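I opened the model to look up two things.

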Amino acid sequence: PDAAATVVLRVCSRLGEMYLEDDEGEKLMFSESCSAILQCAAPDAVARLQASDLRGEASKLWDVYFKEQSHSSLADYLYTQLPKEVGSQFIQVTTHSRLLSGDNVFEIQRKIGISTQSISLQQFDTEQQFSSRVREFYSQANDL
């Protein structure tokens, strides 16, 4: 429930309060919020829509997810989601599996043009060690 509210607040702040003053603005806010939430969905969740209460919207949502949004690779996803005028950005991708190979890290660096590093939480004994490593990387990246 908190994620949906956060998305709506972000969309509203990006669009501005004037969009909430009429029906068209509310429809735009709702549409953009739905699109942002769909962007976060797992592919199998989109595939299961046909068997859910959203079966009437399943075809449209499928097209948006697989044709309009970028989900084919992490590099493509980040490329479309990051602002083109990147100042200082910190993006953390957390997973239980080995997500990135060395080639994947290189692809992200090449496509997006930012410094990247792949680290495993198993490398650290404490959260403080992890935080220290992140600060060190971020400091080095800002020095470039």
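Which hand does the crossing of helix 1 and helix 2 have, left or right? I looked it up in this predicted model. The crossing is right-handed.

**Entry: helix packing**

I took the axes next. Helix 1 covers residues 2–15 and helix 2 covers residues 23–39. Their axes come within 9 Å and cross at roughly 130 degrees. That angle lies between the perpendicular range, 65 to 115 degrees, and the antiparallel cut-off, over 145. Helix 1 and helix 2 are therefore oblique to each other.

I then listed the contact residues. Helix 1 brings Ala4, Val7, Val8, Val11, Cys12, Arg14 and Leu15. Helix 2 meets them with Leu28, Met29, Glu32, Ser33, Ala36 and Ile37. I sorted the residues of this contact by type: 10 are nonpolar, one is polar and two are charged.

**Entry: aromatic rings**

I counted three aromatic pairs. One of them joins Trp62 and Phe66, with 4.3 Å centre to centre and 45 degrees between the planes, a tilted pair. Both residues sit in helix 4 (residues 58–68), four residues apart, so about one helical turn separates them. Trp62 is partly exposed, at 39% relative accessible area. Phe66 is also partly exposed, at 38%.

Is Tyr65 buried or exposed? I found Tyr65 buried, with a relative accessible area of 1%.

Key: Residues are numbered from 1 along each chain as its sequence is written. This is a predicted model: local features need pLDDT of at least 70, side-chain atom pairs count only at pLDDT 80 or more; totals for chains, interfaces and linings use all residues. Side-chain values use heavy atoms; hydrogens and water are left out. Axes are lines fitted to C-alpha atoms, for helices over the stretch in contact, and angles run from 0 to 180 degrees between N-to-C directions. Helices (H or I, at least four residues) and strands (E, at least two) are DSSP runs, numbered from the N terminus. Angles under 35 degrees count as roughly parallel, over 145 as roughly antiparallel, 65 to 115 as roughly perpendicular and the rest as oblique. A crossing is left-handed if the near helix is turned anticlockwise from the far one by less than a right angle, and right-handed if clockwise. Contact means heavy atoms within 4.5 Å. Ala, Val, Leu, Ile, Met, Phe, Trp, Tyr, Cys and Pro count as nonpolar, Asp, Glu, Lys and Arg as charged, and the others, Gly among them, as polar. Rings of Phe, Tyr and Trp (its six-membered ring) pair if their centres lie within 6.5 Å; planes under 30 degrees apart count as stacked, over 60 as edge-to-face and the rest as tilted. Buried means under 20% relative accessible area, exposed over 50%, partly exposed in between (1.4 Å probe, protein chains only).
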